[in-house]
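Student: Could you take me through this model feature by feature, giving the general idea each time before the particular case?

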Amino acid sequence: MPVIRIVHRTSAPAAGAWSRLTDWKRHGAQVPLTRTIIETTPPTRVGTIFTARTGVGRITFDDRMEVVVWRPPAAGSPGLVRLEKRGRAVTGWAEIEIRPLPAGGAEIHWREDLRLRGLPRALDPAVAAVGRLLFGRAITRLLRP
């Protein structure tokens with residue numbers, strides 16, 4: 001699967017964008033038929049584990065993730081969180097980088113390598129297109145106060 005890349009600008013300051021985009025509980029509400037289960041105690045840090053469970057009834061799949069890099073933005077420096085996907089059905093990684101802009105606001109760089117076990121490579125372009133749509137929409141919604 002090619003890496004999904006999304007760049008999004010916001011008028012929110014980098015610290016505000018960071019707190020909204022790393023609120024894992026809110027992520028589930030942005031993706032249809034998904035809820036987020038936090039498996040470690042707050043606050044988020046390296047080693048935090050959470051699962052995005054998607055599905056209806058008994059037909060579900062889990063996207064289990066672990067925070068492996070946790071570097072909030074500080075003093076004009078960008079913030080970066082990297083998640084390793086550790087599920088049986090979903091593997092790969094995701095990164096959210098938040099860069100403060102000189103004139104105010106921030107630029108978000110969302111990168112995701114989404115691999116679905118058992119899915120033929122011929123479907124990679126369709127998965128990437130759906131991923132860009134879902135993640136782009138999630139970013140916009142998560143940034144709302």
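Tutor: Let us begin with terms: helices (H or I, at least four residues) and strands (E, at least two) are DSSP runs, numbered from the N terminus, and two strands pair if DSSP finds at least two bridges between them. This is a predicted model, in which local features need pLDDT of at least 70 and side-chain atom pairs count only at pLDDT 80 or more, while totals for chains, interfaces and linings use all residues. Residues are numbered from 1 along each chain as its sequence is written, and side-chain values use heavy atoms, with hydrogens and water left out.

Student: Which residue in strand 7 is the bridge partner of Ile98?

Tutor: The partner of Ile98 is Ile108, and strand 6 (residues 90-100) pairs with strand 7 (residues 106-116) in the antiparallel sense over 11 bridges.

Student: What is the order of the strands in the open sheet?

Tutor: The sheet has 7 strands in the order 1-7-6-5-4-3-2, with antiparallel pairing; strand 1 (4-10) and strand 2 (34-38) are its edges, each pairing on one side only.

Student: Where does helix 3 lie?

Tutor: Axes are lines fitted to C-alpha atoms, for helices over the stretch in contact (heavy atoms within 4.5 Å), and angles run from 0 to 180 degrees between N-to-C directions. Helix 3 (residues 124-142) lies across strand 1 and strand 7, and runs at about 20 degrees to strand 1.

Student: How should I read an aromatic pair, and what are the centre distance and plane angle for Trp24 and Phe50?

Tutor: A pair of aromatic rings is described by the distance of the centres and the angle of the planes. Rings of Phe, Tyr and Trp (its six-membered ring) pair if their centres lie within 6.5 Å, and planes under 30 degrees apart count as stacked, over 60 as edge-to-face and the rest as tilted. By this rule the count comes to 3 aromatic pairs. For Trp24 and Phe50 the centres are 4.6 Å apart and the planes are at 15 degrees, so the pair is stacked. Trp24 belongs to helix 2 and Phe50 to strand 3, so the pair ties together parts that are 26 residues apart in sequence.

Student: Which peptide bond is cis, and where is Leu33 found?

Tutor: Most residues other than glycine have a negative phi, and most peptide bonds are trans. Here the bond from Pro42 to Pro43 is cis, with omega near 0 degrees, and Pro43 sits in the loop between strand 2 and strand 3. Leu33, in the loop between helix 2 and strand 2, has a positive phi, near 60 degrees.
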